[in-house]
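Subject: Structure handover

Hello,

Here is the structure for you to look through. Please open it alongside this email.

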Amino acid sequence: MTELAKEAASRLDTATGAGQPVLDRLVALLDLEKIEENIFRGVSPRHSPVRVFGGQVAGQALVAAGRTVPEDRRVHSLHAYFIRGGDPSVPIVYEVDRIRDGRSFTTRRVVAIQHGKAIFSLSASFQKDEPGIEHAESMPDGVPSPESLPSLVDWAKESGITHHERPRPIDIRYVSPPPWVTRETGERPAHTRVWMRADGTLPVDQLLHVCVLTYASDMTLLDSILARHGVYWELDKVLGASLDHALWFHRPFRADEWFLYDSQSPTASGARGLATGRFFAADGTLIATVVQEGLLRVLGS
């Protein structure tokens, strides 16, 4: 582990609630140990759910890939499959395959392994900065500022949603009522919109900021599917898991500054749902796009 990771790890057991200590824990989790050329090892938080959080393994795999790429090349896309549920009680080994090193693009493939089996695979592409044509969709109109909105913990306390009380390195502010609220009111929103940011200050490291956004992209995305049907994880008998995940990074950004996460679900069928999301910086700049398919079994439906 690096000195930054050792310093953050020394605070892991005392990190509670939110803020810089919890964000430092995430930074420590993303600072993988190099155990051999192209082989890295990561760990999970001591107090974890039954399975490793998908955003964590995706973020760590991207770190492993990025550690083998020249610094002048930024990641512009990743495509990943969640193969098996991860065991948070044991380390995860990340094996990097250096697929291609071209003049403009670099391609890496990463496999995450536990107990001798692959639990996750990722392909990522990196590119040297180049000029070119530009256009982008605009941020939705009429979105209130994040500072004017209640925190996730405030919403959860009113509704008794206990899993939102765990320490979180990402500050989340719902633009409209959360899905567990619309479940009761009868609203079936087509979009789930939240403001997000890393809950503290991150080092000046573009790869780290991209990995933190990758971590955050697995939050609230599948909620946009459930909200269409008025069901929610803790309040209904829902079994769910991420199946695959794709991200495209369009422009540089800081993950410790507010960004709007606008997600929706175009379709659900066969116990699977598809969700798409767009990330906008606070000034309205489109910074990333995500697509994920998830397994969603609503028991009794």
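Below are notes on a pocket, some strands and a helix.

This is a predicted model, where local features need pLDDT of at least 70, side-chain atom pairs count only at pLDDT 80 or more, and totals for chains, interfaces and linings use all residues. Residues are numbered from 1 along each chain as its sequence is written, and side-chain values use heavy atoms, without hydrogens or water.

Start with the strands (DSSP runs of E, at least two residues, numbered from the N terminus). Strands pair if DSSP finds at least two bridges between them. Strand 5 (residues 105–114) runs antiparallel to strand 6, with ten bridges. The two form a hairpin with two residues between them. Histidine 115, in that turn, has a positive phi of about 55°. Glutamine 114 stands opposite lysine 117 in strand 6. Strand 3 is also antiparallel to strand 6, through nine bridges. There, tyrosine 81 has serine 121 as its bridge partner.

Next, the second largest pocket. A pocket is an open set of points on a 1 Å grid over the protein atoms alone, where a 1.4 Å probe fits, with protein on both sides within 12 Å along at least five of seven lines; lining residues have an atom within 4 Å of a point. This one is lined by 22 residues. Gln127, Glu130, Phe249, His250 and Arg251 lie nearest its centre. Strand 3 gives the most to the lining, three residues.

Last, helix 2 (residues 20–30; a DSSP run of H or I, at least four residues). Nine of its eleven residues are buried, meaning under 20% relative accessible area with a 1.4 Å probe, protein chains only. Among them are Val22, Asp24 and Arg25.

Best wishes

Terms used
Buried means under 20% relative accessible area, exposed over 50%, partly exposed in between (1.4 Å probe, protein chains only).
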